[in-house]
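User: Hi! I'm new to this one, could you walk me through it?
Analyst: Happy to. Here it is.
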Amino acid sequence: METLDVPSVLRQLPVSLLFKKCGEDRIYSSDGFQQLFGANASSLFDDSSIAFYDPISKAPLEADANPFVLGETGGALCLWVRLKTNLFTFNCLVESKVVNLEDGNWIVLYVRNNADELSGGSNLSSVGKHLSFHQLLTNCSSKLINASECEVKTIIDQTLAAFGEFGNIDRCYLFEFSNDRTFMTNTHEWVAAGVTPYINELQNMPTSNMPYFMDHIQEGMFKVDDVSKIPDCAAAEREEFMREHICSILCVRIMVGGTLYGFVGCDIIGSPYKWQSYDVEYLERIGEILGNTLQNLVNRKAIASMQDALLDANKRLEHLANIDGLTEIPNRRVFDTTLSEQIKLSRAKSTPLALLLVDADAFKLYNDNYGHVAGDDALKQIAKSLSNSCIGKDDLAARYGGEEFAVILPGVSKDEVHKIATRILRNIRRLGIFHEYSAHQSVLTVSIGMACSSDGKDSPTQLVQRADEALYRAKSAGKNCAHF
C-alpha cells in the first residue's frame with residue numbers, strides 16, 4: 001500500500017495551517033496559509049524562516065515556549081502570538097492539534113491573522129472598530145493634555161505602540177524636520193515583535209535625498225500600497241524603503257503653528273498591503289493629536305522664553321537703576337538705601353558703622369588739561385581701586401556724585417577705619433595716574449573724610465554731614481590725606 005504523502009495533502013488544504021512531524025524540525029505551510037498572509041506562487045516564502053514572538057513583551061517564543069512544542073507537549077493550544085516570516089509579520093491567533101497518522105504524529109497549527117476572530121469567528125462591525133479606535137484616541141489624548149515636556153516623549157511612544165498594535169502594523173514612527181526643513185530625524189519609533197528598528201540610523205537625514213517623498217508629504221500624505229511600484233524617478237527612495245524591508249508605507253504630515261513640523265507614519269513589512277480609507281483616517285487623527293501636543297509644547301517653550309526674556313530685561317533695568325553707568329559700581333540711589341539699612345542694623349545690634357567720603361584732588365584741573373575722556377578713565381580706575389580696597393562682605397563702595405565717592409563700612413571700629421582709609425590713599429597713588437598739576441609727585445590723589453557711629457543714633461543725613469565736614473578738613477590740610 002502506498003504511503004500517504006502528508007505534507008502534500010495538508011499543503012493543498014484551503015485553510016491556514018502550519019504543520020510539522022513530531023520530533024522533526026521542518027515546518028510546512030498550507031496554500032491557505034500563504035494566501036491568507038499575502039504570499040503567492042511567485043513569492044519567495046521560506047517555511048524555515050518562521051518565528052514566533054510574544055506580542056506584548058516582543059520576546060521570541062523559543063524552546064518550550066514555541067507554539068509547536070506547547071501544542072505537542074501540552075495538549076490543545078489557543079494562543080495569541082506575533083508571527084514572522086521572510087515575507088510578512090502579523091498578530092495571529094494560533095490553535096493546535098496533534099494528528100495521528102500512519103507515518104507518525106503530526107502537530108498542526110491553525111493560524112488566523114484577524115484578532116476579531118477571537119470572538120467566535122465573526123468580524124467586528126465597522127462601527128465597533130471605529131468606536132475602539134476612538135477609545136484609543138481618548139486614552140492617548142487624556143494623557144497628553146497636561147503632560148510635561150519630559151512626559152510627552154514617553155506618551156508619544158505609548159501612542160505609537162497602541163496604534164501599531166490596534167492596526168496590526170509592523171512599524172510606527174514620528175519624524176521631525178529641522179527649522180529650514182533641510183533635515184529630518186526619526187525621534188520616536190515603535191516596532192512589532194521580530195521587526196528591525198531603524199531609529200538610530202535615521203538621524204539628520206537630508207530631505208534633498210527624498211524629493212519624491214517630500215513633494216507628497218508637503219501636500220499632506222504619502223501613501224504607497226506597493227513600494228516596488230514606486231516610479232523610477234524615485235529609484236533611490238524606492239531602494240531605501242526596500243533596504244528597510246518596507247512593502248507598504250503610509251505617512252501623514254504634522255502641522256505646528258501653520259508650518260510643516262514633521263510626519264507620523266507606519267510600515268508594513270514582508271508583503272504589500274492596500275491601505276484602506278479607515279487606515280488613512282485613523283493615522284490622520286493620530287497626526288492631529290501629536291500635532292496639537294507638539295503645538296502645546298512649542299507654546300509652552302515660547303511662553304517660558306518670553307518669561308526668561310522678561311526676567312533678563314528686569315535684571316538689566318535693575319542693573320541700570322542701581323549701577324553707575326561710567327564706573328560700574330553702585331550709584332547714589334544704592335548708597336542712600338544701603339546707608340539707611342545699615343544705620344538701622346547698627347542701632348538694633350549696637351555695632352559700629354563707619355562712612356568715608358572720597359574726593360579726587362584737583363580734578364577740575366585734571367579735566368581741563370587732559371580732557372573729559374581721560375577724566376572718565378581716571379574715575380573708573382579710582383572706583384575699581386576703592387572696590388578692591390574694601391574687603392568686608394557688607395562693605396559698599398559707591399559713586400556719590402561727580403568725582404566724589406562714598407564707602408560704607410559696617411562693624412568697623414574707629415582705629416580700623418583709619419587703617420582702611422590709609423590703604424585707599426596708598427592704592428590710588430600707586431595707580432600712577434599722571435597729573436602734572438598735582439602737588440603730590442605729579443600723580444592723581446584723593447582726600448578722605450571719615451565719620452563713625454558707635455551706637456547707630458546718627459541719621460543718614462547726620463553721618464554724611466560729619467563725613468563731609470571731615471573731607472573739608474582733609475582738603476584744607478593739604479589733600480592726599482584722611483581726617484575725622
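Analyst: One term to begin with: buried means under 20% relative accessible area, exposed over 50%, and partly exposed in between, using a 1.4 Å probe and protein chains only. This is a predicted model, where local features need pLDDT of at least 70, side-chain atom pairs count only at pLDDT 80 or more, and totals for chains, interfaces and linings use all residues. Residues are numbered from 1 along each chain as its sequence is written, and side-chain values use heavy atoms, leaving out hydrogens and water.

User: Thanks! Is glutamate 240 buried or partly exposed?
Analyst: Glutamate 240 is partly exposed, because its relative accessible area is 21%.

User: Which residue does glutamate 240 form a salt bridge with?
Analyst: Arginine 243, with the closest N and O atoms 2.9 Å apart. A salt bridge here is a side-chain nitrogen of Lys or Arg within 4 Å of a carboxyl oxygen of Asp or Glu. Both residues lie in helix 7, 3 residues apart, about one turn of the helix. Helices (H or I, at least four residues) and strands (E, at least two) are DSSP runs, numbered from the N terminus.

User: And how many salt bridges does the structure hold?
Analyst: It holds 17. Arg171, Glu189 and Asp267 are linked in a network of them. Another joins arginine 238 and aspartate 232, at 2.9 Å from N to O. Arginine 238 is buried at 16% relative accessible area, while aspartate 232 is exposed at 62%.

User: Switching topic: what order do the strands of the open sheet follow?
Analyst: The 6 strands run 9-8-7-12-11-10, with antiparallel pairing. Two strands pair if DSSP finds at least two bridges between them. Strand 7 and strand 8 pair over 7 bridges.
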